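Subject: Handing over a structure

Dear colleague,

I am passing on the structure below, and after it you will find a short account of what came out of it. Please read the account with the structure open beside you.

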Amino acid sequence: MTEFRCIVCDRPLLRTLPAYERLPRVTSDCKPWPAGGQLAVCDSCGAIQKLPDRKWLDEIDRIYRAYQIYHLSGGEEQVIFSADGQAVPRSRALADFVTRRLDRSRPGRMIDIGCGNGSALANFSRALDGWSFEGVNFGTQRFRSCGQFRASPSSMLGRLIGSKAASISSL
Ligand SMILES: [Zn+2]
């Protein structure tokens, strides 16, 4: 157990997974990253999460200072192969996976914190008619390549976290 509390349920029941620190890692912008760090599972709610210790905070600072969204594919979201063998953008595969499991009888709301250029929001909005979507990104340059979203620094989320926010009601 660690001194940290679960970011989902706030219970102090995080158990680190010792094998994780030996695994080579890849950053979310698909760059190799050395082994190390900690990964924990909450014994109450089952959420998997990184532990926000000093080492992890230093690492994410270094990663995001040099972040290059989708740099392997020239700025376009990379494709993956879906279960039926189709090459589709990663966020479309995620949207398909999630929406198949949702109760779609009534509209809902979705927030994407760290939405980058909004690719995931765009794919979810195509799959979830009538829903509203909001994305927040720490920085403004990503929105320049995201024409379908309105950058709205005065949105509620933007005010709460002091960042730019993008929102759409439909595409
Ligand atoms: Zn939990």
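How many of the twelve residues of α1 are buried? Before the answer, please keep in mind that this is a predicted model. The number buried in α1 is zero, so this helix lies largely in the open. Its length also fits expectation: helix α1 covers residues 54–65, and at 1.5 Å a residue its twelve residues should span 16 Å, which agrees with the 17 Å between its end C-alpha atoms.

As for the protein chain in general, its secondary structure comes to four helices and eleven strands. Of the 171 residues in the protein chain, 16% are buried, and among the contacts between residues at least 6 apart in sequence, 41% join residues that are at least 24 apart.

The other finding concerns a pair of helices. Two packed helices are described by the angle between their axes and the distance between the axes. The crossing in which α2 passes α3 is right-handed. On the α2 side the contact is made by Ser91, Arg92, Leu94, Ala95, Asp96 and Thr99, and on the α3 side by Ser119, Ala120, Asn123, Phe124 and Ala127.

With best wishes

Methods:
Residues are numbered from 1 along each chain as its sequence is written. This is a predicted model: local features need pLDDT of at least 70, side-chain atom pairs count only at pLDDT 80 or more; totals for chains, interfaces and linings use all residues. Helices (H or I, at least four residues) and strands (E, at least two) are DSSP runs, numbered from the N terminus. The expected span of a helix is 1.5 Å times one less than its number of residues. A residue is buried if 20 or more other C-beta atoms lie within 10 Å of its own, exposed if 12 or fewer, and partly exposed in between; C-beta atoms are placed from the backbone. Two residues are in contact if their C-beta atoms, placed from the backbone, lie within 7 Å. A crossing is left-handed if the near helix is turned anticlockwise from the far one by less than a right angle, and right-handed if clockwise.
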